[in-house]
Amino acid sequence: MQRQTDHVNASSKAARMVIYPGFLLSCAMRFPTATVAAGVLAVIGTAQSASPVRVHWRHLSSSNGNLPVPGTSVQQTGSIVGDFDRDGVSDFVLSFRQVAPALVGYRYRGGTWVRHVIEPDFLTVEAGGAAFDIDGDGDLDIVFGGDWQSRDVWWWENPGTAGEARWPRHRIKSTGETQHHDQVFGDFLGTGRPQLAFWNQNAKAIFLATIPSPPTTELWPATKIFQGAAGEPGGLYPEGADAIDVDGDGRVDLLAGNAWFKHEGGTTFRPIRIGPIGGRIAAGQLVAGGHPEIVIAPGDCTGPLRWYSCDGDPLGPQSWRGHELIRGDVVHGHSLALADVDGDGHLDVFAAEMAKWKESASVPDNPDARAWIFYGDGRGGFVTTEFARGRGFHETRLADLNGDGRVDVLQKPYTWSAPRIDIWLNERR
């Protein structure tokens, strides 16, 4: 197999730090609740690192034979990353609807990626997904939810083989409303055993499910812990899920939509609004010390891309201060991830737009779709680099995909140029 590669070089960290003072007024006009819900909006303007970004990218794609084609579906929904075969290298799983197979996995072997089928049947799988050792046997299992056509949430039992066998499928949920976009595991109840939190979009709700013993029991006990659309008032599409200890009490908290959820005992959670809109959400220590920072991007809509710092009590919405990462809006920014891409010890932010979301359209909805990496300095300063333009990104993941210790980019479009998968190998120097 001949390898064709393209290269993208990141720009210097000494460039592209821009302040946008005029953007405050435009945001306040479009999102009049922003100053109440998220504190005073701030612009990028803190100190930046003087060291250059030395990241060289090698691009591999199924479109030119570098990687196996995922399947025949032109609607590629979810992607998750994890070391499913316990060989020390991250693998990844892709989900589909429209035609079978529903799930395929990729493993790194002998300098290339090997595709294998996890779920050969046809299922209408939604975006999202999560990995966790559900049955306690030492390897990662996976969860995906059904889309608008399905009332199901499923988990697949890792068979612990080399990866060629079909993974047994079990049901978590099969009643109620349809569509389950985004899931996350965490011990949100403080019981010592993580639970599964998942959105149920057509119920406008978040459910928390406990893992039964044995976990193959159908169905899992689940409790509704939130009712309402992300970003209310405004009712933007409810999605996004992450987990981190927000208030520093030693217990992991749920983040979803535009809020974090404080456990107040039993199955009662109080949502604390962070920003004016919901969407993709990710948290991490972007600034050394203090409470973690939270990044929110518009997923299936258009809106601002901001990171939020806590300037007071994290239980108070007024304590969350928004900082712009780019000028203007992000269009269907369905990719958001945090990782130390350049290896300087500080978290960076990856964000990207979708190029095509209308399944019946013959041309891209957003032909000039952009992807960025914002290189952080650990003090709230970021250097903005344009990673790609004119490509479709959806559910992009950051992980070491070839075991060399550097963070790579897994690019999956939804329907743009699908079926397709791309990997960008980080050859940092």
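**Reading the backbone**

A: In this predicted model, glutamine 179 lies in the loop that runs between strand S10 (169-173) and strand S11 (183-186).

Q: Is glutamine 179 buried or exposed?

A: Buried is the word for a relative accessible area under 20%. Glutamine 179 has a relative accessible area of 11%, and therefore counts as buried.

Q: Where is glutamine 98, and what is its phi?

A: Glutamine 98 sits in the loop between S4 and S5, and, although not a glycine, it has a positive phi of about 95°.

Q: How is the accessibility of glutamine 98 to be read?

A: The partly exposed class lies between the buried limit of 20% and the exposed limit of 50%, and glutamine 98, at 38% relative accessibility, therefore counts as partly exposed.

Q: Which residues does the cis peptide bond with omega of about 0° join?

A: That cis bond joins alanine 100 and proline 101, and proline 101 belongs to the loop between strand S4 (91-97) and strand S5 (103-109).

Q: What is omega for the peptide bond from alanine 418 to proline 419, and where is proline 419?

A: The bond from alanine 418 to proline 419 is cis, with omega near 5°, while proline 419 is placed in the loop between strand S30 (408-411) and strand S31 (422-426).

Terms used:
Residues are numbered from 1 along each chain as its sequence is written. This is a predicted model: local features need pLDDT of at least 70, side-chain atom pairs count only at pLDDT 80 or more; totals for chains, interfaces and linings use all residues. Side-chain values use heavy atoms; hydrogens and water are left out. Helices (H or I, at least four residues) and strands (E, at least two) are DSSP runs, numbered from the N terminus. Buried means under 20% relative accessible area, exposed over 50%, partly exposed in between (1.4 Å probe, protein chains only).
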